[in-house]
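Biologist: Hi! Could you walk me through this structure, one topic at a time?
Modeller: Happy to. Have a look at it here, then ask away.

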Amino acid sequence: MVLRVKNDRANRLPRAYRFGAASALAMAALMPQVAWAQDAAPAEAVTDEGGEIVVSGIRYSIANSINQKKNNDSIVEAVSAEEIGKLPDVSIAESIARLPGLAAQRVGGRAQSISIRGLSPDFATTLLNGRQQASSGDNRSVEFDQYPSELLSGVVIYKTPDANIAGMGLSGTIDLHTVRPLAYGKRAIAVNVRGEVTSGGRLNGDVKNWGNRISASYIDQNEDGTLGWAFGFAHLDAPSQTQHFKQGFYGDPGAGNTRITPAAAAAQGVQYGSFPEMWGVSRTQIRNAAIGIVEWKPSDNVHTTLDLYYSRFKQRETVRGAQWYSMPQWSTDQIFTNVGVTTIGGTPVATSGTVANIRPQLRNDYNTRDDELISVGLNNDFQMTDNLSFIADLSYSRNNRDESITETYAGYGVGANGSETNGNITWDNLPMFSGDFPTYTPSLNYGDPTKVSLGDRAGWGHDGATKEPHVREKVYALDLGLQYQLDDGFFRQFDVGVNFTKREKNKRVDEFDLFLKNGRAQTLVGSQYLVDPVNLGYVGFNGNVLSVNLPAALPVYYDKRVYIDNNTFDKAWKIDEEVLTGRFRAAFELGGLRGNAGVQVVNVRQESSGSAINATATPRVVNPVNVSATYTDILPSLNLTYNIDGGHQLRFGIAKVVARPRMDELRASFIPSFPRSPCAPSTGGNPPTCVVGGVSPPNVWGGSGGNAKLEPWRAWSFDASYSWYIDKTSYFSVAGFYKSLDSYIYTQRQYFDFTGLPIPAGSFVSVGNTNGLPIGSVIGTVPTPGIVTINPIGQIDQPANGKGGSIKGLEISGALGFGKLTSALDGFGVLGSVSITESDLHPSASSNSTTVQATRIPGLSGTVWSLTGYFEKGGFQARASYRYRSAFKGEVTQLFAARGATEILAEKQVDAQIGYTFQDDSSLAGLGILLQVNNLTNSAYRTRQGTDGGGAKTADGTFLPEIIDKYGRQILFGVSYKY
């Protein structure tokens, strides 16, 4: 719902306090518009003996954010326009990740998804101007790199619910906002131009490492102030270069392996790294986004606003490198010599040596992604009487995603598969325990176009593969409400309304195998399709790797054949969801106490379409499946604020909250299995006795799949905080929260009705005594006394609502302008936060569901903190920020374009900027220049083996490393001008 506020200036700071520098576009398109912050008292100007003090930039931003935190009835965090404008982030995620209790997950070096209070992005809701957004991801969470900061006026993160807003998240709600031209109040024209480059040069010579950001904005209104308009455009052409290394797994070849020398290196317990991969990844991201806003207020009784938002996001990714098997425990022809062993954490690890007879599989991959986002909203506010108003809001959001993920293989030599020349690889510091990349020295030149040919070297059965995920989502919403304001008394406002939201989402993945023409004969690549070899010098790979212009070469050298397996059908699904929300909220105020109490009644109807993929039949039988379910939740909420003299404030919140299930887990698709076990021969005229795993099972059907009848995560949320608002730019806050989850969704083994599926002929089954069926019942054309019916009730592994738990945390945040201490430090300041979170949720179980294992939930970092120091005075600006996030389980795209979990190690990132804005007494007034370096210390992305308690580790429990990615530094320089 889009909220109406009687006084649009309620949370606005006086014009004398306005930002005057840094980003001209931020001044135009990002001016603070806080119509979403309700029931707030007007802000006051900062004054001294001489009257108003005019400040700019980050100090205004801090003051505006503090003002919103202080005056909102809910517990919120806020980012104002100037803060975003001062930090020209790639997306809004980079800015809100610095707020207390929020953390970003990097993808390709850039913040993409946001966790609130240690919970996965799936637990949060993202709104644009109060309206739910369609997502291009597989589920509900929004990918924030589709929202350029240049086109947003601010962000409010609700940590406690407001009953007036439909679709609030369980962990929190992120509400993005665009400018309101009538509230802005005057004409503004602004442009912003920045160049961008990544440090370290190019990894792939045909992909640039420089780009640009260009934006323009225009805001105006008619003379009467009854009609306003705003238009903005933001273009992003951003490069990234990733130095990637992954150690596939570790293994012990066993004592006395004769292919390993010296003998000490073949001792039992030595861990060898196997299946390394090293890729140079070059990516370009092009995003064009635009907003259009028309606001009409012909009288005090009518107020209409039309919001249009459009974003087109295009990504092109080139991946080139090498990978190979080096497995002394399994390989029959690889010889390991001069092996050096280092004891790490009590475990001997092979850290150097030479392995002979290596056949690297060389990779030339090319991936594309195209996203298109459209959001339209029309809000009408009709003042029916002095106290009563009617609000109608209509919205539509659509997001389309199309991807193509292509990999191809090559190797050294030309000839029949397996006959090519083998090489030697010398390695050093293989397990990456030093914190940096290992070093490899190959004996062959893998960049030689006369020796390296296309073709599979690993026996994978094809010479390449392409997967093409397609995701479509639409969200329609209608919100109707009545608002009644009281002139005096304890209650100051009543709201009642209804919201109807319809969400449609479908996904499919088209898959293809690639085969070389001419019977898969290994093929040299013509010079017209070659580019400079990929630079793998960061791992010492002095031979480089032959690099192919794959988009041009693909149709010339490869045949493309459709590939279909069970997962092809399982990954194709459609979800339809209708949510009807009735709401009531009462706002009240008495002395220093204020707040609101409300309730929502939420009825959900969900329907899922998919397939029953019966691979037990020959040929495979795929039948359509359609399953629906309904449920209703009653969600009360209470927010209380008590203001104490001297700027002290106490807050309390309690609410019941929900998060609806992930879309991919709601799929109706499932893959059944039917045991085909060896049977004892028929004797004495009796049917053969057949068992599964040595036990006669009561249910012979099994399978895996989604669950279209899932109900949401449900929790009670408790919040309390103390804040001291020292002055307009200084505050201190301590907040605690506790969420008690009644249920959590995780994969469990459930009973399932397999009625209607044909039973494969020739299957022998002992069904026990279930439903009166005799032991030794059989199916199929075999020597039996007869054919009987098998019990259709079996077991399936699928997501299901299970036991919940709790999550709790402490958040400390503050800001201090040093000018408060002494005038000599005027212009200097600091702000920061620290969040500590822990949980006892156990969202996974063993396969028989009898033993629940302690498992970290995705997105939970025990400690997150950030610190920013700044200086602003006389037009000069300087700023440095540090952000830390402790290790956490992240959800990432893994093999076969599937979502999976990995343990991401602690992340540390430093950003810095310096700039100058010409002041009003200069002929260049309004012109600003800015230099910024993001990821100043070239902080790496790292993961470890396994997740939770599993994975390879040393004797003392230290986990062995898996992935190290380095992105380099992002350097931006630009100018801006505002009229």
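Biologist: Which residue lies over the face of F512?
Modeller: That is K560, at 4.3 Å from the ring centre of F512. This is a predicted model, so please read the distances as computed from predicted coordinates.

Biologist: And what sits over the ring of W210?
Modeller: The charged end of K208 does, 4.6 Å from the centre of the ring.

Biologist: How many aromatic pairs does the structure hold?
Modeller: There are 28 aromatic pairs. One of them joins F275 and Y325, which are stacked, with 4.9 Å from centre to centre and 20° between the planes.

Biologist: Where do those two, F275 and Y325, sit in the chain?
Modeller: F275 belongs to strand β13, residues 272-299. Y325 is in the loop between β14 (302-323) and β15 (335-344). The two are 50 residues apart, and their pair links distant parts of the chain.

Biologist: Is F275 buried or exposed?
Modeller: F275 is buried, because its relative accessible area is 19% and the cut-off for buried is under 20%. Y325 counts as partly exposed, at 33% relative accessibility.

Biologist: Which residues do ring pairs link into a cluster?
Modeller: The cluster holds F245, W324, Y412, Y440, Y446 and F541.

Biologist: New topic: what pLDDT does the chain average?
Modeller: The average is 84, and 84% of the residues score at least 70. Residues 1-54 stay under 50, though the model has 180 contacts for them beyond four places in sequence. Residues 83-88 are also below 50, with 31 contacts beyond near neighbours in sequence.

Biologist: How should I treat places with low pLDDT?
Modeller: The predicted coordinates there should not be read in detail.

Biologist: OK, big picture. How many helices and strands are in the chain?
Modeller: Eight helices and 46 strands. The chain has 979 residues, and 59% of them count as buried. If you take contacts with a separation of 6 or more, 76% are between residues 24 or more positions apart.

Biologist: Let's zoom in on β38. Which residues are on its covered face?
Modeller: V864, S866, T868, Y870 and E872 make up the covered face of strand β38, residues 863-873. Its uncovered face has T863, W865, L867, G869, F871 and K873.

Biologist: And which strands are joined to β38 by bridges?
Modeller: Strand β37 (residues 828-839) is joined to β38 by nine bridges, and the two run antiparallel. In that pairing, V834 stands opposite W865. Strand β39 (residues 876-885) also runs antiparallel to β38, with ten bridges. There, K873 has F876 as its bridge partner.

Biologist: How many residues lie between β38 and β39?
Modeller: Two, and the strands form a hairpin. In the turn, G874 has a positive phi of about 60°.

Biologist: Which residues have a positive phi although they are not glycine?
Modeller: N357 is one of them, with a phi of about 65°. N357 is in strand β16, residues 347-358, and is partly exposed at 26% relative accessible area. Another is N938, with a phi of about 55°. N938 lies in the loop between β43 (927-934) and β44 (941-944), and is buried, with a relative accessible area of 19%.

Biologist: Why point those out?
Modeller: Because most residues other than glycine have a negative phi, and most peptide bonds are trans. On the peptide bond side, the one from T261 to P262 is cis, with omega near 0°. P262 is in the loop between β12 (227-251) and β13.

Biologist: Where does S153 lie?
Modeller: In the loop between β7 (131-132) and β8 (154-158). S153 counts as buried, at 1% relative accessibility. A polar atom of its side chain lies 3.2 Å from the backbone oxygen of T178.

Biologist: Last one: what is L650 in contact with, leaving aside neighbours within four places in sequence?
Modeller: L640, T641, Y642, I644, S721 and Y722. L650 lies in strand β31, residues 648-659, and counts as partly exposed at 39% relative accessibility. From L650 to S733 is 83 residues in sequence, and 9.8 Å in space, C-alpha to C-alpha.

Technical notes. Residues are numbered from 1 along each chain as its sequence is written. This is a predicted model: local features need pLDDT of at least 70, side-chain atom pairs count only at pLDDT 80 or more; totals for chains, interfaces and linings use all residues. Side-chain values use heavy atoms; hydrogens and water are left out. Rings of Phe, Tyr and Trp (its six-membered ring) pair if their centres lie within 6.5 Å; planes under 30 degrees apart count as stacked, over 60 as edge-to-face and the rest as tilted. Helices (H or I, at least four residues) and strands (E, at least two) are DSSP runs, numbered from the N terminus. Buried means under 20% relative accessible area, exposed over 50%, partly exposed in between (1.4 Å probe, protein chains only). A charge sits over a ring if NZ of Lys or CZ of Arg is within 6 Å of the ring centre and within 35 degrees of the ring normal. pLDDT is the predictor's confidence in each residue, from 0 to 100. Contact means heavy atoms within 4.5 Å. A polar contact is a pair of N or O atoms within 3.5 Å; within protein, one must be able to donate a hydrogen and the other to accept it, and residues adjacent in sequence count only if both atoms are side-chain atoms. Two strands pair if DSSP finds at least two bridges between them.
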